[in-house]
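Colleague: I have not looked at this one before. Can you take me through it?

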Amino acid sequence: MSLDMSSPGPASKHLFPAAETAAQPSDAILAARARDELERLLEILEGAVVPEQVGTVEKLHERLHDLTIPVALVGQVKAGKTALANALIGKFDMLPSDVNPWTSVVTSVHINIPKPRGHSAVFNFFTREEWDRMVGADQNMGELAGRADHEDEGDTIRAQIAEMKEKAEARLGQNFEYLLGSSHAYVGFHPELLKRYVCLGTDEDEREGQFADLTRTADLYIEDADWALPTIIRDMPGVNDPFLVRETVTLDHLSGAGLCVIVLNATQAFTTADMALVRILMSMRNEQIVLYVNRVDELCDPHSDIVEIDTYIRGLLAEFELPTNIPIVFGSAAWAKMMAYAPLDDDPSDRLQKSLERLVTERQAAIEPDDTTGAPGSTESSTRRLDDLSGLHELRQVIATQAARGIAAPALRNIARDAIDLTQQSAVLLKKTLGSQTPLRPDLDIEALIDRLDRLLKTVNDECERITTTSSEEMLFKISEAYYTFVSTETKALKRLILDKGDPNQWAPDVEDLQRHLNRSYNAFRESSMAAVSALFAETAREVEAIYGTVLSRESDLFDIEPPAVQEPPTPAILMRTTEFDVAGSWLSGWLARRNGGDAYVKRFSDITSKQLKATTKEMQDIYVVSFLRAARTSLHRFLSEHIETLQNLLALDDDEKRDDLRKRLGVEQSIRDRISALETIAGALSTLKLPNASAS
Amino acid sequence: MAKISDDARGQLAAWKAQHPVVALMGEFSAGKSTLLNALMGADLLPTRATATRMPAVWLTAGPALQVYGLRYDGTLTQLAEDDLAHGALEDYLVLRIIDPSDALSDYDILDTPGISDIRLQDDVIQTLAGHVDLVIWCSNATQFWRQSEKAMWRALPRPLRDRSVLAVTGSDRLSKRDLTRVLRRGHKEAKGLFSAVLSIAALDAVTATDDDRTSAWETSGISDLIAHLDENLTALRHADKRPIAEDVLEPPIREDHAEIPDNTANADNHIYLDLRKNLQEITEISKDFRLSTLLKQLIATVDEHTELSDDDRNLVMQVLSLDDVTGSDAAKYLRQLDGELSDFSNGPWCQLA
């Protein structure tokens, strides 16, 4: 990045962040330090544990290395996602963009992540299966955004994909088959190379998008010291593009997208399509959402418009019962670019410079000297700041903080907890090898112990199933009750309307109320099942503790056992769907309906509803309840199997021969003592690991 | 959610019968009000960065400035001029402004609420579209022609679309090269959906004073736009009959026009066409509320169709025999007939006959 500040405009200084108040390290730095510390501890741990557990430590190491922060830039077509991606990575011409929408590829910029086999650019092509899956994708963005004729969108997408595939096949001929499912990798990359793979949409230059209709993802690797944690910035294709394939690709990548920055256009902030994105993310339980209102440089009265837009968006969030504390950052990727290359070549009439001056003047007049700017992403920050007006620094801060608290901290905490568990198990084993007397209680009944473990496994298994069944039955009961209430209330309303010879268009079933009830039922399931499973996990941990108590002879060898974490079940997409009822208006509006007698229509209404009820309950049962149960069982089994292994090792030590064998492998007594003391130190360090506060918002 | 009453629809139909109507439509904040202000040569409506909760504004020519508000239930009240800027206007479906401006001498202008506004009721635009002759669809140059726009546009009646213009607004925000590329895409996308694509830089025009307005209008593209409106509306006026009912009755076209079976070419459909012809006459004369006489004519037409089986004829007759039709119900009955006829044309009777 070349910083040419030789002829900056008078307002340009307002683009830079004010000097940092170096009080406390940011959450991102805290998380990065914790990660490094954890890495160091795991390395020591690997040398200290018993040989049988080295593999487990390696797995923890892998989990630590895989910890990356995914950041997705999503938004409507031409909202400025690519420009923002470039600004965030500080390479303003890296990702190419155009005045017309032209990418259908998810471009991931991997920051501070090792390159795969030295390649810094990898382009992956579609496989046949992925293509077919996209054709059959069931997405409801059009419905949520209330687009006219959204029922027909599925057909349009299929036609567009078929056409795209045909074109690619015709152009690439034989190569088409070879390319499917393969990838191209490069040691270096430049914008022209990228264009060949990601830029679809102009017919002018064939070479430009040579492979674009075949490319599924582009992965680029860069180093940047500004990012404390390894981060992947994903530039997603725009939604609400008439080329609906782009929207489909983006929605396909949203689950597990991590932190999502929704890029809005300040001149048309927060439309039905933007709201639909927020709702889809919320339905995936993705609460890591940041709004970036781009293009404030295009506002007529920037300061007062920003105040108005901020109020407008937060008002809408409140009205739709969405969290109102979502960070909203105002800015301009164009100003950020100007900050790096002042003045800009493509701003001949100084439009950007003038708009920036205008905001500075307006804001200086509007704010009081003792106004404070508040936390990044807050209303106070958006409407009072006089520095960093491109919003770039603030956005980076918000991303880094949210990622550290919401993504890095919980993951690090889990790894640390598992590592502590491991040190304790290893320490017990090591101490036993030292003891001259037998480490186990002399009166230990091994048969009984095995029985007990077996029973525990079975009980826990059954109990998991019982909890899930009870909670899910309760939920399904509530769901059908909600449907029943809905049908009976609305049938009455419909009958009354027909009797009164009213206009059938006046009949509007209260679908939102039904949805609220359905969501409430599912939330009740989520809460009760999670609480019950947590209790079961805690009970299991206590039982395992008790088993150690029966095995080990000395009180001092006993240790606390942390229960595994409970995974939250995802929110089913079906609860966001109301298609069946939305068409009620069109089938009902015929005048003949009334002539034929309303009963037929009342029946039709309840038929549609019961069909929907069946579909809902089946999907809930088959997918969400079952997956919750599976996740709970998996973590329990992993937990139990590790402890069973340790117990097996302990029992094995009861055999003098085996103990001697292990001692031989571990070295002399002094080295075993060193290992034990190392483990104790590590356990201490792990339990005091300093992490950003995950609960703080 | 307020429902648009039949009385309100009747009022819109009555207004439409008076003058040709040009509507400004598009996403919210797409430059509709800016363009309106430029056309009127005055800052008539506030322009905002967020979705306004401004109702549709129907401007018509008259001797002195007067403002009326039409509510969803059809009641019409006179408002003070001040209310335009400061009043609580959310309860109105349409504001009717009578304005002496020359700009309104040939046609009324209807500024509609922007689509994609989260708070906008979804039937408002469709309803308004049934009462206009030509639309200027405003699409912002920087985020040109999105799916939400395309979907809404395709849901509107085809004859209306065929006369309408796609305006690329805020085109002064793009460089010449970029604008050329956007327009190229515009022409491609608009094929079969609009009669023309024009670029508008309305901001220039609105700041121009009266003296240099002509040249400002030239450079902003407004002159071209007005020429286009004149041409299309003249053609419309010269048509034998104002096809009012046609717009309303045209069943929504969902997919490519080529694939839609052409009703007029289908001989089996002539009953439907006869009925429609009669209905058009009813619409014309319904302003005099002599509906029962016309219905009798219509019934006679159906009765004469020997192709209809007795059962089918009885059913249609039953539908058509509306007793005691009084003035206030006329619009309602017309609408019911409208729906009836669409059903009839798609339904099994038409195929049977």
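Colleague: Where does the model come from, and how many helices and strands does chain A have?

Modeller: This is a predicted model. Chain A has 23 helices and 9 strands. Chain A is 697 residues long, and 41% of them are buried.

Colleague: And what is the count for chain B?

Modeller: Chain B has 16 helices and 9 strands. Of its 353 residues, 42% count as buried.

Colleague: What share of the contacts joins residues at least 24 apart?

Modeller: Taking contacts between residues at least 6 apart in sequence, 84% of those in chain A join residues at least 24 apart.

Colleague: What is the mean pLDDT of chain A?

Modeller: The mean is 82, and 85% of the residues of chain A reach 70 or more. Over residues 1–8 of chain A the pLDDT is below 50, and this stretch has 11 contacts beyond near neighbours in sequence. Residues 578–595 of chain A also stay under 50. For residues 578–595 the model has 30 contacts beyond four places in sequence.

Colleague: Changing topic. What is the strand order of the sheet in chain B?

Modeller: The order is 4-3-5-2-6-1-7-8-9, in an open sheet of 9 strands with mixed pairing. From one strand to the next, the twist averages 25 degrees.

Colleague: Why do strand 4 and strand 9 of chain B each have one side without a neighbour in the sheet?

Modeller: Strand 4 (76–79) and strand 9 (196–200) of chain B stand at the edges and have a single partner strand each, so one side of each is left without a neighbour in the sheet.

Colleague: Strand 1 and strand 6 of chain B: parallel or antiparallel?

Modeller: Strand 1 (residues 21–26) and strand 6 (residues 108–111) of chain B pair in the parallel sense, over 4 bridges. In that region, B:Val21 stands opposite B:Asp108 of strand 6.

Colleague: Which strands does helix 2 of chain B lie across?

Modeller: Helix 2 (residues 32–40) of chain B lies across strand 1, strand 6, strand 7 (134–140), strand 8 (165–169) and strand 9 of chain B. Helix 2 runs at about 155 degrees to strand 6 of chain B. Helix 7 of chain B lies across strand 8 and strand 9, at about 150 degrees to strand 9.

Colleague: On to the cores. Which residues touch the most other members of the largest one?

Modeller: A:Val261, A:Leu264, A:Tyr292, A:Val293 and A:Ala419 do, in a nonpolar core of 128 residues. Helix 15 (residues 392–434) of chain A supplies the largest share, 20 residues. Beyond four places in sequence, A:Val293 is in contact with A:Leu264, A:Ala266, A:Ala269, A:Ile309, A:Ile328 and A:Phe330. A second, separate core has 69 residues, among them B:Ile4, B:Leu93, B:Ile109 and B:Val124.

Colleague: Which residues of helix 8 of chain A are buried?

Modeller: In helix 8 (residues 191–198) of chain A they are A:Leu194, A:Lys195, A:Tyr197 and A:Val198. Their cover includes strand 2 (106–111), strand 3 (121–125) and strand 5 (215–222) of chain A.

Colleague: Why does A:Asp388 count as buried?

Modeller: Because A:Asp388 has 25 C-beta neighbours inside 10 Å, and the cut-off for buried is 20 or more. B:Ser116 sits in the loop between strand 6 and helix 4 (123–129) of chain B. B:Ser116 is buried too, with 27 other C-beta atoms within 10 Å.

Colleague: Last topic. How many residues of chain B are in contact with chain A?

Modeller: There are 36 residues of chain B in contact with 39 residues of chain A. Helix 5 (147–154), helix 7 (176–190), helix 14 (310–320) and helix 15 (330–346) of chain B each give two or more residues to that side. Helix 5 of chain B gives the most, with 6 residues. By class, the chain B side has 10 nonpolar, 12 polar and 14 charged residues.

Definitions and conventions:
Residues are numbered from 1 along each chain as its sequence is written. Chains are lettered from A and ligands numbered from 1 in the order in which they are written. This is a predicted model: local features need pLDDT of at least 70, side-chain atom pairs count only at pLDDT 80 or more; totals for chains, interfaces and linings use all residues. Two residues are in contact if their C-beta atoms, placed from the backbone, lie within 7 Å. Ala, Val, Leu, Ile, Met, Phe, Trp, Tyr, Cys and Pro count as nonpolar, Asp, Glu, Lys and Arg as charged, and the others, Gly among them, as polar. A residue is buried if 20 or more other C-beta atoms lie within 10 Å of its own, exposed if 12 or fewer, and partly exposed in between; C-beta atoms are placed from the backbone. pLDDT is the predictor's confidence in each residue, from 0 to 100. Two strands pair if DSSP finds at least two bridges between them. Axes are lines fitted to C-alpha atoms, for helices over the stretch in contact, and angles run from 0 to 180 degrees between N-to-C directions. A nonpolar core is a set of buried Ala, Val, Leu, Ile, Met, Phe, Trp, Tyr and Cys residues joined through C-beta atoms within 7 Å.
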